[in-house]
Amino acid sequence: MRTFGCVALVPLALATLGCASTTAEEISRYLDRRMEEADRLREKGDLAGAIEIREQMLAEYPDNKLVNNPVFHTRLGNLYRRRGDNERALEHFYKALRLWDAYYEECRSKIVSSIVPKEIEEAKALIDDTIRPGMSETRRELAMLWAAEERYDMALQHLERGIDVCPSDLRALRMIAEYHESAGDADAAADAWRKFIRAVLTS
């Protein structure tokens, strides 16, 4: 996972916590412990408990970029989706997409405006290694939500948009083929499977 400064996933200009601040370090350790606790509950199947902890973290530190970031919102949306609360899941997935877009624009601006080669390369790497795959992951989650409601048109739209930003996402390519099959479109499914196989063979 690439970082700018001390805040994972967040371009330096968006980070609000100072790396040298003792208070920030204490908050970071606290949030890490809480996320580990939430993950343990999720692994045990206690989705409600995991949701409660993550919601508490957002309530306590709503502006902290260790919490209010697209990965956190995607994970929380995943928990709500698996619990069957699609309304809350959508809320967090779309929040994640807005944050991914903001991070992308921040990096793109740095690439255009910076005269420091290292900064430009870091911004490019963050886009390619973290932001594009992250955008596609959030789109996959949205696709699974809509597919569960048999809204394959919506599911496929999100998957195609994910592929637009991250063409190498093999899971999205496979899901496109599967959802075309589920929708009863044999021709589109066959074409999608061919694209998936080609991608696997060239990856």
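Author: Axes here are lines fitted to C-alpha atoms, for helices over the stretch in contact, and angles run from 0 to 180 degrees between N-to-C directions. The model is predicted: local features need pLDDT of at least 70, side-chain atom pairs count only at pLDDT 80 or more, and totals for chains, interfaces and linings use all residues. Residues are numbered from 1 along each chain as its sequence is written, and side-chain values use heavy atoms, with hydrogens and water left out.

Reader: What pattern does the chain follow along the sequence?

Author: Helices (H or I, at least four residues) and strands (E, at least two) are DSSP runs, numbered from the N terminus. The chain has 8 helices and 2 strands. Along the sequence the pattern is β-β-α-α-α-α-α-α-α-α.

Reader: At what angle do α5 and α6 pack?

Author: Their axes lie 8 Å apart. Angles under 35 degrees count as roughly parallel, over 145 as roughly antiparallel, 65 to 115 as roughly perpendicular and the rest as oblique. The packing angle of α5 and α6 is about 170°. That makes α5, relative to α6, roughly antiparallel.

Reader: How do the residues of the contact of α5 with α6 divide?

Author: Contact means heavy atoms within 4.5 Å. Among the residues that meet are W146 in α5 and Y152 in α6. Ala, Val, Leu, Ile, Met, Phe, Trp, Tyr, Cys and Pro count as nonpolar, Asp, Glu, Lys and Arg as charged, and the others, Gly among them, as polar. The division is 11 nonpolar, 3 polar and 4 charged.

Reader: Is α5 roughly parallel or antiparallel to α7?

Author: Helix α5 (residues 117-148) and helix α7 (residues 170-182) have axes 10 Å apart. They pack at an angle of about 20°. That makes α5, relative to α7, roughly parallel.

Reader: Which residues in α7 meet α5?

Author: The α5 side includes S136, R140 and A143. The α7 side is R171, A172, M175 and Y179.

Reader: How far apart are the centres of Y152 and Y179?

Author: Rings of Phe, Tyr and Trp (its six-membered ring) pair if their centres lie within 6.5 Å; planes under 30 degrees apart count as stacked, over 60 as edge-to-face and the rest as tilted. A search of the whole structure finds 4 aromatic pairs. One of them, Y152 with Y179, is tilted, with 50° between the planes. Centre to centre, the value is 5.9 Å.

Reader: Is Y179 buried or exposed?

Author: Buried means under 20% relative accessible area, exposed over 50%, partly exposed in between (1.4 Å probe, protein chains only). The relative accessible area of Y179 is 12%. Y179 is therefore buried.
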